[in-house]
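Hi everyone, thanks for coming.

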Amino acid sequence: MKLSKPKYIFVTGGVASSLGKGIISASIARLLQARGYTVTIQKLDPYINIDPGTLNPYEHGECYVTEDGTETDLDLGHYERFTSITTTHANNVTTGKIYKSVIEKERKGEYLGKTVQVIPHITDEIKRCIQFLGQTKQYDIIITEIGGTVGDIESLPFIESVRQLRYQLGYRNTALVHLTLIPYMAASGELKTKPTQHSVKALLENGLQPDILVLRTEHPLTKELRRKVALFCNVDPEAVMESIDVPTIYECPLRMHEQHLDDVVLEKLNIPADQEPDLESLRSFVDKVKHPSSTVDIALVGKYTELPDAYKSICESFIHAGAANDCKVRLHYVNSEKVNAGNAAELLGKMSGILVAPGFGNRGIDGKIEAVRYARENNIPFFGICLGMQCAVIEFARNVLGLEGAASVETEPSTPYPVIDLMEEQKGVTAKGGTMRLGGYPCTLVKGSHAAEAYGKQTVVERHRHRYEFNNDYLERFEAAGMRAAGLNPDTGLVEVVEIPSHRWFVGTQYHPEYKSTVRTPHPLFTSFVAAAMAYRDSK
């Protein structure tokens, strides 16, 4: 179905952060897709960083990378995983990007001598970015999630921009969904609506009336409570939705559909709801996630394990791959700083698979290398991603080739054996933000390799985020000793995949396969790795 002009849905949050605006946005998109509409989602982030690429994962969770090479907020990963849409730089806008654009225009004299102000210049730039995707004429509906919570000082220009757009585009062409919290007071055994009332009041003070309320809760909401919220927040009773904890986030669209959220959205946007949504594939996936036939234990070895959101795409990829194998993957987060030769067996010995995660810098790298050694010597299925692949190369160089002191020049610039070296195009680059090798690049896989068998083809395109690469000066020695380059960039010869053919399943990728795994298309390498882990579990 194609609309003559795009419609816009804005998603805001109140009371507290991390309530799940990204999940609700993705759920709405999936429901509207199921009704035959073309949809995309964008994220407006109030922070002044140009992008999250320079943020510590403890600050902001995972940095997601799009196909066109943009470092973005992790919510874009949710958007892609739920809907299989491909996002770009246009799907993530930050305050930093807005101000950078406005200041550059001012320096060029584009404002004709006017005083540059938040209103109208900053808000006009925000509105331009919001409407950019609509002007491509690819989408019927554009969903815009606004980061942070209503009332935050840094969010005010975005909120004001939404107010202006709703007026300019027309209230039947836009809808505002507001996600809030209904806290449970254990002492009195009551659910409290007052925080939601105050949150909506803050919106009203900024000129915005929500059309739909999504109430985040840990306990079921009564009809009476919903009617109370509707009355005090000026919202239709049927437009008050319950968002309760569910076993898997992928159940959220189904729960929202049960409450007719998609019908209410379409009615608010003055769009016919003629086509019933086809959600059978999603129901089947959720059923597999909730009712697996078996479980398998896999260790995720990294240095940010205290915050699982730092590895969000990897964790979700294991959920997809587990469902594809009718198995629940139990991830065990192992802090690489705590792994050494003396305790590797204790920490990893009960695992059926070991994944060494991406990362940067020297901290925890010795533990990652030790985890690789343990997996290689004990024939345990191993998967290394980006730095995890580089650690596999370093471990093999030290313990198989006998190159004592072999390392990456990232962590040991004076290493006598730089088996991992700085990429040629990165030499001389000093700026940090957005300067790595980023985005989708082709890879040609060796016929008969684990990777080629997993993909079922020999040419793939995968996403990257790195500065360092395998040093091809050592490739001949590696292959003679039993580690082969199973995937190469056809244009540069960069080693993209390494494998040990004599091992039951030992694969390292320079790229990040987790960025392309979705509910509809679980990533083949994760699916193959989980299958290998299950086979190893059964062999024990």
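Before we start, a word on numbering: helices here are DSSP runs of H or I with at least four residues, strands are runs of E with at least two, and both are numbered from the N terminus. And please keep in mind that this is a predicted model.

Leu112 sits in the loop between helix 4 (95-107) and helix 5. Its phi is near 55°, which is a positive value in a residue other than glycine. Leu112 is also exposed, with a relative accessible area of 77%.

Ser84 has a positive phi too, about 65°, and again it is not a glycine. You'll find Ser84 in the loop between helix 3 (75-83) and strand 5 (92-94). With a relative accessible area of 32%, Ser84 is partly exposed.

Pro120 belongs to helix 5, residues 118-135.

Now, helix packing. At what angle do helix 11 and helix 12 pack? It's about 95°, and the axes are 9 Å apart. Angles of 65 to 115 degrees count as roughly perpendicular, so that's what we call helix 11 and helix 12. Helix 11 covers residues 280-290 and helix 12 covers residues 312-324. On the helix 11 side, Phe285, Lys288 and Val289 make the contact, and they meet Ile319, His320 and Ala323 of helix 12. Sorted by class, that contact has 4 nonpolar, 1 polar and 1 charged residues.

Next up, charges. Side chains of opposite charge can pair when their charged atoms come close. How many salt bridges does the structure hold? There are 36, and I'll show you a few.

Take Lys268 and Asp236, whose side chains meet in a salt bridge at 2.9 Å, N to O. This pair links distant parts of the chain, 32 residues apart: Lys268 is in helix 10 (residues 261-268), while Asp236 is in the loop between helix 8 (223-233) and strand 11 (240-244). Lys268 is buried, at 14% relative accessible area, whereas Asp236 is partly exposed at 36%.

Then there's Arg107 with Glu106, a salt bridge of 2.7 Å, N to O. Here Arg107 counts as exposed at 66% relative accessibility, and Glu106 counts as partly exposed at 30%.

Glu377 forms a salt bridge with Arg376, and their closest N and O atoms are 3.7 Å apart. Glu377 is partly exposed at 47%, but Arg376 counts as buried at 17%. There's a network as well: salt bridges with shared partners join Lys43, Asp45, Asp73, Asp75 and Glu145.

So which charged residue is buried yet has no salt bridge? Glu469. The nearest side chain of opposite charge is Arg437, 6.9 Å away; a salt bridge needs the nitrogen within 4 Å of the carboxyl oxygen. Glu469 is in strand 20, residues 468-470. Leaving out residues up to four places away in sequence, its contacts include Gln390, Val419, Asp421, Met423 and Gln510.

Last stop, Ala345, which lies in helix 13 (residues 344-348). Ala345 is partly exposed, with a relative accessible area of 45%. From Ala345 to Pro157, C-alpha to C-alpha, is 54 Å in space, and the two are 188 residues apart in sequence.

Methods. Residues numbered from 1 in each chain as written. Predicted model: local features only at pLDDT ≥ 70, side-chain atom pairs only at ≥ 80, totals over all residues. Heavy atoms only, no water. Buried < 20%, exposed > 50% of the residue type's maximum accessible area, 1.4 Å probe, protein only. Lys, Arg positive; Asp, Glu negative; His and termini not counted. Contact = heavy atoms within 4.5 Å. Axes fitted to C-alpha atoms, helices over the stretch in contact; angles between N-to-C directions. Parallel < 35°, antiparallel > 145°, perpendicular 65-115°, else oblique. Nonpolar A, V, L, I, M, F, W, Y, C, P; charged D, E, K, R; others polar.
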